[in-house]
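Let's take a walk through this structure together, one stop at a time.

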Amino acid sequence: MLVALLSGIRFWAAGALGLAADEAYYWIWSRNLALGYFDHPPMVAVLIRASTAVFGDSELGIRWIAVLLGALASLGVWRLVFRLTGSMRAALAGAALVQGTLFLGAGSMLVTPDTPLVLFWTLALLALVELWRTGRGAWWIAIGLAIGLAFISKYTAVFLGLGVLIWLAVVPELRRWFASPWTYAGGAVCLAVMAPTLWWNVSAGGASLTKQFGRAVPQAFDPRFVPEFVAGQAALLTPLIGLLVLWGLWVVVRDAVRNRAAGEVLLAATTLPLVAYLVWYGLFDRVQGNWTACLLPASITAAVIGALKLPAWRPARIALTISMRGSVVVGVVLGLLVMAHAAWRIVPLAADPTSQLSGWADVAAKLEKAAVEQGAVAIGVGSYTLNAQLRYYGSSVPPVVQLNERARYLMEPTPDVALLRRGPILVVAENRREAQVLAALRARFRSVERAGSVERHWRMPLIAVFGGSYVDTLFLFKVADPIGDGFPDIGPLR
């Protein structure tokens, strides 16, 4: 009942709220299906294409499958906990805890590569547990298929594959699978699923793999990102569930080391390598909170197992007991508040991530009007986020074209270069990039003029005395006569 009620609210929010920039970007992908894309593998584009085939290109049409998969995540955790513990009560607690996280409470109304990744990661864990419980080698086919589909959802799935190898190596009773033809049959299935995306990367000069795995190369040492990462995870799990997860992971790791129990080792091996990598990465750069979304099923399962083995120390036992009793209610309320705030702007915030969901239809209309008044043949932008929002919410008359990072659009026909060189282009720049865009335009066009600005607004807050509706300013430039031949590429913006 709880899952059905919350899913209904999320379906409403999915249709009522505007798209995030990345969602609009992936929508562009879905209009041009390919074996791979500059940023990620193709599964999110396939998901959106299937979703919009039912309800069209509306916000709900793009997101409804994501909301459905969020509901199914509780079912997956329920099954995982039940097969590991044999307790129906523990399984129901796990399903409820999933609903109490902000990862799901607010996150499942957005469609991202993490949406299918969580699904296939969970299915892989379930198949691995069945392999262990039944001893039937045919489960390797399902395991290989799930890991392959996870990989073409997001490259983070390499950590899932690593976790499986660790699991087999650490648990004595499982080492026999290294000599089984079923294991290699599952590996062959996995490689067959991955092969088209790997081939696309080869044919595209390694565009996507280079971009993603290039992040692993350390940059300037900056450890302040580690506490930020920890705080972000606490917020997305919610603090009470975060406490349960920390205790649960400790219990799982402790029992995995002591007893090499297959269930505990599986949870530890498919969770800790990615956590360790992200902590290391956080010593050099910012870690996005959603990068751990795939760990939610195993983390919540560990939390439930930990709740069955509370510590003897009374203060810790009391804290964990309070967390167990209040975590779902607190988490669900927080999730509902986030969705309500995104819709009605309950509390004006100086830095509000939900503000990116609003005002784009009005901005697109104003920019198209300004382009007509300026006689522009196209609207130019210097970022994929602007390009995505204006293409989704605009009419494409005149067309919106990103003037750099052409590798992002290998799946599309090349823009009409003759059109872009024939007349003026109205270029739009975000407030934070105004100086960078202006410098890049002056290096690429002989004629560069300021052409005003357009403000993006949100709704007024519920209590109007706490602030207005202004969100940010987009600056306009009228440019013409590109220097050099070919596409008027303004180059990277740093």
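Arg 260 is partly exposed, with a relative accessible area of 39%; that label covers values between buried (under 20%) and exposed (over 50%), using a 1.4 Å probe and protein chains only. You'll find Arg 260 in the loop between helix H13 (239-259) and helix H14 (262-269). Helices here are DSSP runs of H or I with at least four residues, numbered from the N terminus. This is a predicted model, where local features need pLDDT of at least 70 and side-chain atom pairs count only at pLDDT 80 or more, while totals for chains, interfaces and linings use all residues. Residues are numbered from 1 along each chain as its sequence is written, and side-chain values use heavy atoms, leaving out hydrogens and water.

Now, what does Arg 260 touch, not counting residues up to four places away in sequence? The answer is Val 170, Val 171, Pro 172, Arg 175, Asp 255 and Val 265, where contact means heavy atoms within 4.5 Å. Take Val 170: it sits 90 residues from Arg 260 in sequence, yet their C-alpha atoms are 6.9 Å apart in space.

Compare that with Ala 204, in the loop between helix H10 (181-203) and helix H11 (207-213). Ala 204 is partly exposed too, at 23% relative accessible area. Ala 204 and Ile 166 are 38 residues apart in sequence, and from C-alpha to C-alpha they are 32 Å apart.

Next stop, Ser 74 in helix H4 (residues 59-85). Is Ser 74 buried or exposed? With 2% relative accessibility, Ser 74 counts as buried. Its side chain reaches the backbone oxygen of Ala 95 at 3.1 Å. Leaving aside neighbours within four places in sequence, the contacts of Ser 74 include Val 3, Val 98 and Leu 104.

Helices also meet each other. Helix H3 (residues 43-55) and helix H7 (residues 114-134) pack at about 100 degrees, with axes 8 Å apart. H3 and H7 are therefore roughly perpendicular, a label for angles of 65 to 115 degrees. Met 43, Val 44 and Leu 47 of H3 make the contact with Thr 115, Pro 116 and Phe 120 of H7.

Last comes helix H16 (residues 296-307): at 1.5 Å a residue, its 12 residues should span 16 Å, and its end C-alpha atoms are 16 Å apart, which agrees. The expected span is 1.5 Å times one less than the number of residues. Because 11 of the 12 residues of H16 are buried, H16 is largely enclosed by the rest of the structure.

Methods:
Helices (H or I, at least four residues) and strands (E, at least two) are DSSP runs, numbered from the N terminus. Axes are lines fitted to C-alpha atoms, for helices over the stretch in contact, and angles run from 0 to 180 degrees between N-to-C directions. Angles under 35 degrees count as roughly parallel, over 145 as roughly antiparallel, 65 to 115 as roughly perpendicular and the rest as oblique. A polar contact is a pair of N or O atoms within 3.5 Å; within protein, one must be able to donate a hydrogen and the other to accept it, and residues adjacent in sequence count only if both atoms are side-chain atoms.
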